[in-house]
There are 2 protein chains.
Amino acid sequence: MLGLIMDRPMLISSLIDFAAEYHGGTEIVTHNVEGGLHRYGYADAQAEAKRLANALGELGVGFGDTVGTLAWNTRRHFEIYYAVSGIGAICHTINPRLYVEQLAYIVNHASDRVLFVEAGFVPLLDSFAAEIADTVRAIVVLCDEANLPESEHFDLISYDALVAAHDPVFDWPSFDERTASSLCYTSGTTGNPKGVLYSHRGNILHSYASIGPDCMNISARDTVMPVVPMFHANAWGIPYAATMAGAKLALPGPHLDGENVQALITGEGVTMTAAVPTIWLMLLDYLKRSGKNIRPLTNVVIGGSAVPRSMIETFKRDYGATVRHAWGMTEMSPLGTVNTPLAKHENLDDGAWLDLAEKQGRPIFGVDMRIVGEDGGELARDGVAFGDLQVRGYWVANAYHRQDESDAHTGDGWFSTGDVATLDGDGYMRITDRTKDVIKSGGEWISSIDLENIAVDHPKVVEAAAISVAHPHWDERPLLIAVREEGAELEKSELLDWYEGKIARWWKPDDVVFVDELPHTATGKLLKTKLRDDFKDYILPTA
Amino acid sequence: MLGLIMDRPMLISSLIDFAAEYHGGTEIVTHNVEGGLHRYGYADAQAEAKRLANALGELGVGFGDTVGTLAWNTRRHFEIYYAVSGIGAICHTINPRLYVEQLAYIVNHASDRVLFVEAGFVPLLDSFAAEIADTVRAIVVLCDEANLPESEHFDLISYDALVAAHDPVFDWPSFDERTASSLCYTSGTTGNPKGVLYSHRGNILHSYASIGPDCMNISARDTVMPVVPMFHANAWGIPYAATMAGAKLALPGPHLDGENVQALITGEGVTMTAAVPTIWLMLLDYLKRSGKNIRPLTNVVIGGSAVPRSMIETFKRDYGATVRHAWGMTEMSPLGTVNTPLAKHENLDDGAWLDLAEKQGRPIFGVDMRIVGEDGGELARDGVAFGDLQVRGYWVANAYHRQDESDAHTGDGWFSTGDVATLDGDGYMRITDRTKDVIKSGGEWISSIDLENIAVDHPKVVEAAAISVAHPHWDERPLLIAVREEGAELEKSELLDWYEGKIARWWKPDDVVFVDELPHTATGKLLKTKLRDDFKDYILPTA
């Protein structure tokens, strides 16, 4: 028997309608690309999104069509999010830091009918114009008519002129809540980027979970600054979650350096923010140099890569802000875990508190996790055993866009994250490695990340990568490849001795190679595939 | 095009599984009916619920069947919630304070196959045994074998013995998330009670919304004490929401007096609680007499009827606890609005803050509201215009159980609450009356509640009811029926003068009748239908 409850689909358009109705005057402030602040309220944003919805119709974009964006975190990008998904089209956010070949590939693979691009990206777009000529019908530049740039290959439309020419009256259509709302490609270190096709339902549920006190904790009294880009996993869902909460938004545009981020925080009264560690390194460095503060900011969500212990400590001790270590993936809309304490942690001392805060957090309701060993069996949740981290939930992808098969999806309904992790009895998860990077020595696993973290803790080491090298007896053994501080003198033996007492003896790298620099991906991650290839014939010293 | 997101149904069984996995040791503490505290963790509760699920199968209860409960807020009732809904059966919570005829009616109307009843309610059950003999197959008493009471009419089963005899291994079935999960009857002042049939989907969405910072604000660090009964609109959804958050639960059983409530708060470290004003009057009275405190309680959600200003003030000033005024209905799972401030309210002085806090709050995402005039047109959201309050949303009933027609549901998909309210520009809602109680004088509406509130503010008035009486010129005019303080001397004219300056002149009652007591419903509400009937031929004095 079905319950007698209204059958209303969960649609992204409901978010902007809700905020316009009940938080119409609450501000969305943008640090414009060209400088200066733009500010308006949710009611204005709704009106602009509705104008754009009418404009999209004129451009021939309809239900199920895909629209690409190459854009910063601005109010225009925010309007595009709501207008495109609102009409049942798909908002495809593109990472401008990808290689040109990848950009062309995903525009074509996604069938982007219209592209919305920042003026500054027009030259980039020109560089692969020929490759996407058959796919893209129109290019809209996120600027006013006066500042419309030149293009060698495209007729460009001014966003402001396009929007202003249309009416703000528009009734959002209603449709199946499982309809695709947005699209984001994730680039691995091998193969073509893979598209994650989000749904309205998934995003609404993710937003409900996000604003909860043990997740991002967003209320209508907050000012939320997503520094994490709107082209990366929907800025961790914040443009949806903040709208659901009716929170003020502060959008930094492309101005992500310490000085600009600090000014936006204190100028707009930012209370909650989210970004990767790199952003916070820049901010903390600027704060130290300038002697400035970040009041009233208290809630700093950090993810994307492991948060250094010292960063958690500095935010707390020097600036009164609490770091919430979070973990997710593009395939997870993206949140999986957030690190907030339990009641039993109330009286932890500083050291124990940092030990806890360094973990990636515990699942929020809606996501379930398990770790499995090489035989596919589930491993103990004891904080020690580590294995492949697998997840499932209301906002987890079950396939990749236009890709028939995925080896990341198990037969029993789980997504294999490619991370290696431990889980403890309360579900706190700690990532120890990437599956493809873990070093398998004599049937046991060695965490490459742990080896790298110890190496970079050495005062004379700038960066390090630990990779596996074939070994006749142990199958694989760790090799450390390190970059020394400029001018520093450091011998292999000194660095190897540095591991003594910090890990099990048999984890210690068999050898060290010093190099001038390490290879990285377009998004700044260590390119270990290249290192493994470069060193595949390396002969380890015999013990 | 559909998004590529896992299609996992939202089921109530997922809540207890989540809490058992990630908050297994977090306690559920019950103040037992017979006295003393029972404590165990979510993992234990899950095991007991699974034993009960197996037992339900043996009792012949399957998918779609209905099970009734006549029970207090205890861990056994909590287990029944999860076991019954978990197997896809319907958990029908029955209000033991209803009249016997109503109890018999709803047990039969709901087709309750099994009843779970407190030992103390067995005599009540015996009193209508004959009426339900054809419907009910088994009676399970919430006690152990040794304390099983006698019944004149039924063979009784001990809950503890039943559960202990079954295995804790059980795989919850998966099914359509719109499946009916639970059932609660709402008793109006006329006609038979009407059943609201909740769904799994509605309850999960309601829980997500409930734990948000602007709603009930429940985290894993909270200890939550629902004093509002689990037989009344699922204790405002708290048994689901607290489980989703992994919060500790403190269940008061039948011990709702000030002394016991205070002891549970300080003894178990309650941080968040919810109940109707009557409960808090008893508690505040006890605190004043005893000099005791309610630390660490800070978050007091109050609904069910309007919260007196002095109660909000006393909680804040004397006990450091913030009242969240809330409003909902059985038909709304039940939450509609919660009163939390916006950023712009940060610097309100005490008077303005109380003016705001007295309102019933603003909608949470998932609920939409409008006020409608007599012509069906939507009224202004200006905080002044008042009309029929209508709602719609993810957890609002679209019909009543086994009732073909409902005049509370509009043709365009809204539920007419029967409340008269104002909405302001931010959506803060203030209830001014019940639709059937409002006094229609010369085409304008007079709020009976406002007239009553002013009357009871008079030091010599204990209780008052304002009702409409037919008037040849104005259609209706207000008559006040009041109960004086014992032994107090108070004339009509003095009470009528009391209205001067407090409301518009034409709102002032045309007359006052003093009585010894006012009639009430089984649930304690003023029975105005009887008053209107008693006074239908009352002749108002000519002006």
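**Rings and charges, step by step**

Modeller: In this predicted model, ring pairs join F18, Y22, Y208, F365, Y394 and W395 of chain A and F18, Y22, Y208, F365, Y394 and W395 of chain B into a cluster. Two rings of Phe, Tyr or Trp (for Trp, the six-membered ring) count as a pair if their centres lie within 6.5 Å, and the pair is called stacked if the planes are under 30 degrees apart, edge-to-face if they are over 60, and tilted otherwise. Residues are numbered from 1 along each chain as its sequence is written, while chains are lettered from A and ligands numbered from 1 in the order in which they are written. Local features need pLDDT of at least 70 and side-chain atom pairs count only at pLDDT 80 or more, although totals for chains, interfaces and linings use all residues, and side-chain values rest on heavy atoms, with hydrogens and water left out.

Over all chains there are 39 aromatic pairs. One of them is formed by W72(A) and F121(A), a tilted pair with 5.5 Å from centre to centre and 40° between the planes. W72(A) belongs to the loop between strand 3 (66-70) and helix 3 (75-86) of chain A, and F121(A) to the loop between strand 5 (112-117) and helix 5 (122-126) of chain A, so this pair ties together parts that are 49 residues apart in sequence. Helices (H or I, at least four residues) and strands (E, at least two) are DSSP runs, numbered from the N terminus. W72(A) is buried, at 18% relative accessible area, and F121(A) is buried too, at 12%; buried means under 20% relative accessible area, exposed means over 50%, and partly exposed is in between (1.4 Å probe, protein chains only).

F386(A) and W445(A) also form a tilted pair, with ring centres 6.3 Å apart and planes at 50°. Since F386(A) lies in the loop between strand 17 (367-372) and strand 18 (387-393) of chain A and W445(A) in strand 22 (residues 444-446) of chain A, the pair ties together parts that are 59 residues apart in sequence. W445(A) is buried, with a relative accessible area of 10%.

Let us turn to the charges. Side chains of opposite charge can pair when their charged atoms come close. The structure holds 72 salt bridges over all chains, a salt bridge being a side-chain nitrogen of Lys or Arg within 4 Å of a carboxyl oxygen of Asp or Glu. In one of these, K248(A) pairs with E268(A), and their closest N and O atoms are 2.9 Å apart. K248(A) sits in strand 11 (residues 248-251) of chain A and E268(A) in helix 11 (residues 258-268) of chain A, so the bridge ties together parts that are 20 residues apart in sequence. K248(A) is buried at 15%, as is E268(A) at 8%.

In chain B, R430(B) forms a salt bridge with D450(B), the closest N and O atoms being 3.9 Å apart. This pair links distant parts of the chain, with R430(B) in strand 20 (residues 429-434) of chain B and D450(B) in helix 15 (residues 448-457) of chain B, 20 residues apart. R430(B) is partly exposed at 30% relative accessibility, whereas D450(B) is buried at 17%. Back in chain A, salt bridges that share partners join E27(A), R39(A), K248(A) and E268(A) into one network.
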